[in-house]
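Hi,

Here is the structure I promised to pass on.

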Amino acid sequence: MGRYMQDAFVGRGEGRWSWLTEMEFAERAQVLKMLARELGQDTAPALAELAQHGLDAALTVLAVAVGASVSDGYLRQRALWRAGQSLS
């Protein structure tokens, strides 16, 4: 019986982990959209890069497009996004 309980617990933990991972990805995608729009760039290339290679690669795509670092802009947009989410 103890083994089945442990298996059930692991399953719930994995589900929670999966949900958190999806939420983190969704947040990153939304913040990248906000940043790309602020920079006057198309959102599609950055989002495609995020999906295939992660956040650093997506930020590199935007940085190359605008010719400057975008890390500070990403952090600023993320702070704005999180502040907006806390008001909901």
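**What I found**

Let's start with helix 3 (residues 55-66): its 12 residues, at 1.5 Å a residue, should span 16 Å, and the end C-alpha atoms are 17 Å apart, which agrees. The expected span here is 1.5 Å times one less than the number of residues in the helix. Helices are DSSP runs (H or I, at least four residues; strands would be E, at least two), numbered from the N terminus.

Before you go further, note that this is a predicted model: local features need pLDDT of at least 70, side-chain atom pairs count only at pLDDT 80 or more, and totals for chains, interfaces and linings use all residues. Residues are numbered from 1 along each chain as its sequence is written, and side-chain values use heavy atoms, with hydrogens and water left out.

Back to helix 3: its buried residues are L55, A57, A58, L59 and L62. Buried means under 20% relative accessible area, exposed means over 50%, and partly exposed is in between (1.4 Å probe, protein chains only). After the helix comes G67, with a positive phi near 75 degrees.

Some of those residues turn up again in the largest nonpolar core, which has 13 residues; L32, L35, L50, L55, L59, L62 and Y74 touch the most other members. Helix 1, helix 2 (43-53) and helix 3 each supply at least two residues of this core, and the largest share, 5 residues, comes from helix 1. A nonpolar core is a set of buried Ala, Val, Leu, Ile, Met, Phe, Trp, Tyr and Cys residues joined through side-chain atoms within 4.5 Å. Neighbours within four places in sequence aside, L55 is in contact (heavy atoms within 4.5 Å) with R28, L32, L50 and Y74.

Now the charged pairs. I count 3 salt bridges, taking a side-chain nitrogen of Lys or Arg within 4 Å of a carboxyl oxygen of Asp or Glu.

- R28 pairs with E24, with the closest N and O atoms 2.7 Å apart. The two are 4 residues apart in helix 1 (residues 2-38), so about one helical turn separates them. R28 is partly exposed at 28% relative accessibility, and E24 is partly exposed at 40%.
- E27 pairs with R82, the closest N and O atoms being 3.0 Å apart. This one links distant parts of the chain, with E27 in helix 1 and R82 in helix 4 (residues 71-87), 55 residues apart. E27 is buried, at 17%, whereas R82 is partly exposed at 43%.
- R76 pairs with E38, and their closest N and O atoms are 2.3 Å apart. R76 lies in helix 4 and E38 in helix 1, so the pair ties together parts 38 residues apart in sequence. R76 is partly exposed at 40%, as is E38 at 42%.

Q77 is buried, with a relative accessible area of 7%. Leaving out neighbours within four places in sequence, Q77 is in contact with V31, M34, L35 and E38.

Finally, the surface: W17, W19, L20 and M23 form a nonpolar patch with about 470 Å² of accessible area together. Patches take residues with over 30% relative accessible area and no salt bridge, joining like charges within 9 Å and nonpolar side chains (Val, Leu, Ile, Met, Phe, Trp, Tyr) within 5 Å; accessible areas come from the Shrake-Rupley method with a 1.4 Å probe, and for residues only the protein chains shown count as cover. M23 sits in helix 1 and is partly exposed at 44%.

Cheers
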